[in-house]
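Hi everyone, thanks for coming along. I'd like to walk you through one model today, so please have a look at the screen.

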Amino acid sequence: MRVDRRRGVASHSRRPSPSPSPSPSVALTLVLPKVHNRILKRGSLPLNLQTVSGAECTRIWLNAHGIKCCRPCHNVIHEHEREESLAENYNTLELVLSHPQVHKFVAWNSKQVPRGKVAKSKSGSGSGWR
């Protein structure tokens, strides 16, 4: 919702806000809620997460533990690994990037030219966003 200061009224704008990065990032929870109960019943985190500073075996920490990545990378991660495997084997950024298919996609995706509204707004022409 936007407030027009001249008129003093609120208006709803459907225009998206400009994104500072080539592809808007999304949160990827590495230990999905589907797996939380199993970890909480066990009473301990997977071995490699026990060394993470501030890690604790609580639902709040499990919900907050994740990474930010672009939507295409997010989709590739879920395409190649199930939720249980992400929680046990690929639960840090370094481990996710070590997955062969994810690594291959990230290498390819990082070479792509940004397209669409994001590319136009970065060059300062065409979008009209300020």
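Let me start with a definition: a crossing is left-handed if the near helix is turned anticlockwise from the far one by less than a right angle, and right-handed if clockwise. We'll need that in a moment.

First, some ground rules. This is a predicted model, where local features need pLDDT of at least 70, side-chain atom pairs count only at pLDDT 80 or more, and totals for chains, interfaces and linings use all residues. Residues are numbered from 1 along each chain as its sequence is written, and side-chain values use heavy atoms, with hydrogens and water left out.

Now the overview. The chain has 7 helices and 4 strands; here helices (H or I, at least four residues) and strands (E, at least two) are DSSP runs, numbered from the N terminus. Along the sequence the pattern reads β-β-β-α-α-β-α-α-α-α-α. Of the 130 residues, 26% are buried, where buried means under 20% relative accessible area, exposed over 50%, and partly exposed in between, with a 1.4 Å probe and protein chains only. If you take contacts between residues at least 6 apart in sequence, 62% of them join residues at least 24 apart; contact means heavy atoms within 4.5 Å.

How confident is the predictor? pLDDT is its confidence in each residue, from 0 to 100. The chain averages 75, and 70% of the residues score at least 70. Confidence is highest in H6, at 93, and lowest in strand E2 (residues 9–11), at a mean of 43. Residues 1–21 have pLDDT below 50, and that stretch has 20 contacts in the model beyond near neighbours in sequence. Residues 123–130 are also below 50, with 8 such contacts.

On to the helix pair I promised. Helix H3 (residues 71–80) packs with helix H6 (residues 100–109) at an angle of about 160°, their axes 10 Å apart. Axes are lines fitted to C-alpha atoms, for helices over the stretch in contact, and angles run from 0 to 180 degrees between N-to-C directions. That angle makes H3 roughly antiparallel to H6, since angles under 35 degrees count as roughly parallel, over 145 as roughly antiparallel, 65 to 115 as roughly perpendicular and the rest as oblique. And the handedness? The crossing of H3 and H6 is right-handed.

Who makes the contact? From H3 we have Pro72, Cys73, Val76, Ile77 and His80, and from H6 Gln101, Val102, Phe105, Val106 and Asn109. These divide into 7 nonpolar, 3 polar and no charged residues.

Let's zoom in on two histidines of H3. His80 is in helix H3 and counts as partly exposed, because its relative accessibility is 31%. Leaving aside neighbours within four places in sequence, His80 contacts His99 and Gln101. His80 and Gln101 lie 21 residues apart in sequence, with 7.3 Å from C-alpha to C-alpha.

His74 is also in helix H3, but at 12% relative accessibility it counts as buried. Not counting residues up to four places away in sequence, His74 touches Val26, Ala27, Leu28 and Cys69.

Last stop: Asn91, in the loop between helix H4 (83–88) and helix H5 (93–98). Is Asn91 buried or exposed? Asn91 is buried, with a relative accessible area of 0%. Beyond four places in sequence, Asn91 touches Leu30, Val31, Pro46, Asn48, Leu49, His65 and Leu86.

Definitions and conventions: Ala, Val, Leu, Ile, Met, Phe, Trp, Tyr, Cys and Pro count as nonpolar, Asp, Glu, Lys and Arg as charged, and the others, Gly among them, as polar. pLDDT is the predictor's confidence in each residue, from 0 to 100.
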